[in-house]
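The following questions and answers examine a protein chain from its overall fold down to individual contacts. Please keep the sequence and the structure in view while reading.

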Amino acid sequence: MVPADRPTPAPLGHSHRIRNGIVELVVGNVALQLIVWVVPGLRATSWLGVPSVVVAAALVGAAVRPPLVSVATRVGVVGIVAVGLFGHVLVAELAMELSPWFESRNWWTTFVAAWLYAAASTALEWMLVSDADEVFLARVIRSSRGVRGRPTDAPGVVFVQLDGMPAPLLDFGIRSGNLPNLARWVRGGSHTWRPWRAQVPCTTPVSQAGILHGSTEGMPAFRWYEKDAGRLIVANHPADAATIEARITDGRGLLADDGVSIANLFSGDAPETYLVMSRTRLGRGALGPTPAYSAFFSEPSGFVRALVLSLAEMAKEVFQARQQRVRDIEPRVSRHGSYIVLRAVTNVLMRDLCSALVVRSMMRGKPSIYVDFVDYDEIAHHAGVARPESLDSLVGLDRVLGLLERAATHAPRPYHFVVLSDHGQSQGATFRQRHGGRALEDVVRDLLGPRDEVAASTAPVEKWGPANLLLGRSEEGGGMRAKVVESVISHRSQRGSVALGPAEVDQAQAAVAKGGDGPDIVVIGSGNLGGIWFARRPGRLTLEDLEVSDPGLVGALAGTDGIGFVVTASVDRGPVATGPRGRHWLAEGRIEGEDPLAPFGPRAAADMLRAARLDHAPDLYVNSDLDPVTGEVSAFEELVGCHGGLGGWQTEASLLHPAAWVVPDHLLDDDELVGAERVHRTLVGWLEDCGQRVSSAAPSPTP
């Protein structure tokens, strides 16, 4: 194993600080002068008024923020947020009191002025300072000095997941130079990359379970119905994520040896986790040590910067969505309502917070760190796979990689970087759009008739994951603050955890929870992969069972316009894929008539055979068809970019790593890396080569 390089640290010395200090003072003076002109009740009695307040605010902030953060840390999340909201006001109030040449009418005027000052300063700094990200980095590094780890030459590894990025887009970004940091790594020879195939169901929960824990057993989709328990599992609901991890972990996940897991669905058995979905129900501190968050929320470069840029991101989303409508770009979906806010959460607040948490973990010298950035995946779902705004999000993530690379030069150990995606994405008009407003559940109802009650869960839920995490951070731990949050969102909680999302999902979960009084049929959508369960009939139904109880159902469903094939079990011959003009017996490889899997590539049969044998697999898997000209699929959710089944780029993930590292031949199938479990074994092997795996280490606690 080639040791990690130790580039010359980016300058954070006295000259750098002096330059940044001068810039901050100039920007602060301009911002405060503008505010004095705009806000009634503020008045400078001398030309020294504005500069004196700016200087006093810098000095007071340096003196007051550390004790405020210390107190807030003891109180918890509410204290941290209070510092973020009111700490600037306190600093501004004291600064104005200290200046004999400045007056404020009352506390409310000061509050408005303080927030406007913080927001305006941040916006001006972002617009005027060429290295605003460097300023952000410098402040994060300085805030981490008190937790700096011991120097060592043993290399660490930072795994950065660019959620949903298809391998062809990584290839294009490197070749075009639009991703300059990744292109520099590859062109300079320090890194290389290869695609890997995400198996069906190609979703984040399944891939992360495989990558972090080495197992995808019992996960037939993003959400699924379990007949034995009579419940609907939604993988990005905290309670369900905890249940899934408990099933798949052996205590020796990818991050078990003193690693850190950040913003993932599962922990990878890391002893230290931040914003990890499966850990939100473990009690106080479940989402990570509070001081790590206080460092972000207390500094203007953290919370205020994120808030200002979030507002800008929301405005940008409104403009870009309108541009799609005006230009009549097709296919497209609605981009209004909650998505506008959720885009700001994922692409600004979570990006900055996760970046700060990774930098802090590197400053502490943690041996392995795994972080998931969902920016691209979120935008591509709603804007399209290769649309300008989606590609721009990848450019932003490339800047984050450059920032982390520079931060590593100040860490107490050298770091290698591995960049990977968990799956790709495919594009197309939705099933409902293509069929006059009829969803998959409507087709099922029409085919089965009025005798069966159908519960459906096909509304998009993936985008709500970050919001559930952040609210879960506020609800955890008991006490008054938890009771306040719980009282506000109790109607959207699931088994003690926050579970915001479409009301349809809540209704479906409530319906299936009735047991014997619940629905006859449960229909789910997971991208362009659908699942149908006959909820009141135990065990997995076979093709023969269905031909007796509902003759012609499978053939009629497979012959429906927009559906490519339907997979069912059989009594003696194993799973079978049925298309409009033929069948493919998956275990035998025997084809009758036209092969319904032929348009989906040579590995389609193996993928569906594996998926059909998973525990909790549906009685009927349904995959959309594939447009032979455009390569487009049709999601059963209302998403223009999707993943979950077969067709298009959704199974084409990527793995970029140091050039000296190799994927073992025994993990390759015809020179192709197939499946998240093999990616896990590859990554574990690299950690072993770095000396970061301790076989005798005690297993980490599991949810």
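Q: Among contacts in the protein chain between residues at least 6 apart in sequence, what percentage join residues at least 24 apart?
A: The model is predicted, so local features need pLDDT of at least 70 and side-chain atom pairs count only at pLDDT 80 or more, while totals for chains, interfaces and linings use all residues. Residues are numbered from 1 along each chain as its sequence is written, and side-chain values use heavy atoms, with hydrogens and water left out. A contact means heavy atoms within 4.5 Å. Among contacts between residues at least 6 apart in sequence, the share joining residues at least 24 apart is 73%.

Q: How many helices and strands are there in the protein chain?
A: Helices (H or I, at least four residues) and strands (E, at least two) are DSSP runs, numbered from the N terminus. Counted in this way, the protein chain has 23 helices and 25 strands.

Q: What percentage of the residues in the protein chain is buried?
A: Buried means under 20% relative accessible area, exposed over 50%, and partly exposed in between, with a 1.4 Å probe and protein chains only. Of the 703 residues in the protein chain, the buried part is 62%.

Q: In β25, which residue is the bridge partner of Asp669?
A: β24 pairs with β25 (residues 672-674) in the antiparallel sense over two bridges. In β25, the bridge partner of Asp669 is Glu672.

Q: Are α13 and α14 roughly parallel or roughly antiparallel to each other?
A: Axes are lines fitted to C-alpha atoms, for helices over the stretch in contact, and angles run from 0 to 180 degrees between N-to-C directions. Angles under 35 degrees count as roughly parallel, over 145 as roughly antiparallel, 65 to 115 as roughly perpendicular and the rest as oblique. Helix α13 (residues 375-383) packs with helix α14 (residues 388-408) at about 175°, their axes being 8 Å apart. The two helices are therefore roughly antiparallel.

Q: Which residues of α14 make the contact with α13?
A: On the side of α13, the contact is made by Asp375, Tyr376, Ile379, Ala380 and Ala383. On the side of α14, the residues are Glu389, Ser390, Ser393, Leu394 and Leu397.

Q: Does Glu313 count as buried or exposed?
A: Glu313 lies in helix α11 (residues 300-327). Leaving aside neighbours within four places in sequence, Glu313 is in contact with Arg343, Ala344, Asn347, Val348 and Ile379. Because its relative accessibility is 9%, Glu313 counts as buried.

Q: What covers the buried residues of α7?
A: In helix α7 (residues 180-187), the buried residues include Asn181, Leu182, Ala183 and Trp185. Their cover includes α6 (167-176), β4 (191-197), α14, β10 and β23 (652-658).

Q: Which residue in the turn between β5 and β6 has a positive phi?
A: Strands β5 (residues 223-226) and β6 (residues 231-234) pair in the antiparallel sense over four bridges. They form a hairpin with four residues between them, and the turn residue with a positive phi, about 65°, is Gly230.

Note on methods:
Two strands pair if DSSP finds at least two bridges between them.
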